[in-house]
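Subject: Structure handover

Hello,

Please find the structure below, followed by notes on what was found in it.

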Amino acid sequence: MVSIREVPVTATATEPAAALLRGYVAASNEVSRDVWGTDDYERDAAEMLAGMRPRPYERVVRLVAVDHRTPDEDVRPDDVLGCAVVVMPLQDNTAWAYVGVTVRPAHRRHGVGTALYDEALRLARADGRSTLMAETDHRAEPAPGPGARTATTGSGRIPVDDAGVRFLVARGWTLEQVARRSVLALPVAAGTVERFRADAARAAGADYRVVTWDDRVPDEWLDEAAALYTEMSVAPPLGGLDYEQDLWDAARVRDHEDTHRDRGTRSWTTAVQHVPTGRLVGYTTLQQIPPVRDLVHQEDTLVAQGHRGHRLGMLLKAVNLQRLAAARPDARRVATWNAEENDHMLAINVALGFRPAGCSGEWQLTSG
Ligand SMILES: CC(C)(COP(=O)(O)OP(=O)(O)OC[C@H]1O[C@@H](n2cnc3c(N)ncnc32)[C@H](O)[C@@H]1OP(=O)(O)O)[C@@H](O)C(=O)NCCC(=O)NCCS
């Protein structure tokens with residue numbers, strides 16, 4: 001019989017009591033390799049543990065499925081059959097939760113996923129979460145036809161015969177959006193990026209000035225960055241996903257940065273200042289998560305309302321790619337996800353050389 005256990009937040013990732021954590025990481029790494037066919041999303045137990053420390057803005061619960069006879073401290077990484085995560089924001093979106101369930105391929109169709117799912121939903125509902133979100137990942141977007149399911153947005157398709165898709169459909173979930181995964185092979189010819197940067201800078205004109213930082217926002221930009229992160233929380237198209245604005249202030253930005261420092265992540269941000277008002281009106285961030293060095297994650301990109309249409313999106317991304325080339329010449333690719341209906345962002349990425357590399361389904365389940 002399978003037993004579902006919560007992964008404790010231990011002092012270290014190496015002590016005996018961290019056996020469940022090490023098993024969680026091993027199982028989730030196996031599934032992400034199975035889905036994407038690469039080690040690009042490999043996680044490390046110490047990095048994951050650093051992100052699990054209690055924080056005022058989010059409660060994260062991680063679960064593992066193991067044989068009921070095995071005591072926690074005797075669990076070897078291979079004994080973990082599957083795992084689940086429940087992410088519950090504590091400040092805004094307090095009736096919302098993200099739920100992820102994964103089972104090692106060799107242990108599927110034996111009820112492990114259902115046991116993890118039932119416990120994850122029980123925890124979320126006990127915490128008052130009535131809108132749940134989940135994702136399914138797919139190595140390729142299928143052609144239109146009977147083998148494809150289209151999101152309620154009308155954009156983007158995922159394969160109907162995927163195990164995760166069947167699992168969520170059988171449980172009443174709705175496919176609200178499809179996000180395209182895109183990958184940019186590095187290095188990009190320096191002259192190409194510089195041409196994009198120079199053209200965009202010329203179009204933007206003297207009213208806009210580039211500002212950059214690594215890892216931590218300089219004090220002088222802290223409140224401005226918080227305002228941009230708040231706008232970013234609901235700026236991308238959300239399709240039918242019921243997600244509300246998430247408020248950021250200076251303390252939350254610093255808390256977020258502290259967590260990333262503890263996890264050992266590195267980030268490079270390029271922002272743009274509107275010179276006449278002094279405000280920051282856009283930013284983009286690239287991030288590297290240990291232990292992976294080949295892959296860099298393209299995180300948020302935002303140009304604030306009122307400043308769009310000046311080629312600032314291209315300016316931000318081109319400058320940040322130049323900074324990445326200088327800081328991490330050994331990085332091999334950048335990957336990102338964008339809603340399939342996010343035409344403007346996708347157009348910039350395609351121009352820069354990003355190519356489609358799979359997709360994710362964004363699912364929602366609402367209960368009374
Ligand atoms: C989805 C997933 C968690 C299911 O794990 P599992 O241990 O096989 O789940 P269970 O055995 O409890 O239930 C499987 C149910 O999912 C559906 N399902 C899964 N694979 C299926 C397939 N190949 N064909 C038909 N139905 C399938 C069915 O409803 C099935 O129930 P059944 O076996 O009684 O017919 C697993 O396939 C997985 O890890 N996929 C990748 C991650 C993912 O997409 N997660 C879902 C989003 S959170």
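Arginine 109 counts as exposed, at 83% relative accessibility; exposed means over 50% relative accessible area, buried under 20%, and partly exposed in between, with a 1.4 Å probe and protein chains only. The model is a predicted one, in which local features need pLDDT of at least 70 and side-chain atom pairs count only at pLDDT 80 or more, while totals for chains, interfaces and linings use all residues. Residues are numbered from 1 along each chain as its sequence is written, and side-chain values use heavy atoms, with hydrogens and water left out.

Arginine 109 is in the loop between β4 and α3. Helices (H or I, at least four residues) and strands (E, at least two) are DSSP runs, numbered from the N terminus. The phi of arginine 109 is positive, at about 65°, although the residue is not a glycine. Asparagine 93 also has a positive phi, near 50°, and is likewise a residue other than glycine. Asparagine 93 belongs to the loop between β3 (82-89) and β4, and it counts as buried at 5% relative accessibility.

Ligand

Arginine 109 is also one of the closest residues to the ligand, together with Val103, Gly111, Gly113 and Thr114, in a surrounding set of 19 residues. A residue is near a molecule or strand if one of its heavy atoms lies within 4 Å of it. How far from an oxygen atom of the ligand does a backbone N or O atom of arginine 109 lie? The distance is 2.7 Å. For a backbone N or O atom of valine 103, the distance to a ligand oxygen atom is 2.7 Å; for one of glycine 111, it is 2.8 Å. Such polar contacts are pairs of N or O atoms within 3.5 Å; within protein, one atom must be able to donate a hydrogen and the other to accept it, and residues adjacent in sequence count only if both atoms are side-chain atoms.

On its own the ligand has 910 Å² of accessible area, and the protein covers 77% of that. Accessible areas come from the Shrake-Rupley method with a 1.4 Å probe; for residues, only the protein chains shown count as cover. Two or more residues of the shell around the ligand come from each of β4 (96-103), α3, β5 (131-138) and α4. Of the elements, α4 gives the most to this shell, with six residues. By type, the shell holds seven nonpolar, eight polar and four charged residues. Here Ala, Val, Leu, Ile, Met, Phe, Trp, Tyr, Cys and Pro count as nonpolar, Asp, Glu, Lys and Arg as charged, and the others, Gly among them, as polar.

Aromatic rings

The whole structure has seven aromatic pairs. Rings of Phe, Tyr and Trp (its six-membered ring) pair if their centres lie within 6.5 Å; planes under 30 degrees apart count as stacked, over 60 as edge-to-face and the rest as tilted. Tyrosine 117 and phenylalanine 167 are edge-to-face, because their planes stand at 90°, with the ring centres 5.4 Å apart. This pair links distant parts of the chain, 50 residues apart: tyrosine 117 is in helix α3 (residues 112-126) and phenylalanine 167 in helix α4 (residues 163-170). Tyrosine 117 is buried, at 6% relative accessibility.

The rings of tyrosine 229 and tryptophan 248 are also edge-to-face, with centres 5.3 Å apart and planes at 85°. Tyrosine 229 lies in helix α6 (residues 222-232) and tryptophan 248 in the loop between α6 and α7 (250-263), so this pair too links distant parts of the chain, 19 residues apart. Both residues are buried: tyrosine 229 has a relative accessible area of 14%, and tryptophan 248 is at 15% relative accessibility. Over the ring of tryptophan 248 sits the charged end of arginine 252, 4.0 Å from the ring centre. A charge sits over a ring if NZ of Lys or CZ of Arg is within 6 Å of the ring centre and within 35 degrees of the ring normal. Lysine 317 lies over the face of phenylalanine 354 in this sense, at 5.7 Å from the ring centre. Trp36, Tyr41 and Trp337 form one aromatic cluster.

Backbone and other points

Two cis peptide bonds can be noted. One runs from leucine 186 to proline 187, with omega near 0°; proline 187 is in the loop between β8 (174-185) and α5 (190-204). Another runs from proline 290 to proline 291, with omega near 10°, and proline 291 is in the loop between β11 (279-288) and β12 (295-303).

Arginine 149 is part of strand β6 (residues 148-150) and counts as partly exposed, at 31% relative accessibility. From C-alpha to C-alpha, arginine 149 and valine 165 are 9.2 Å apart in space, and they are 16 residues apart in sequence.

Regards
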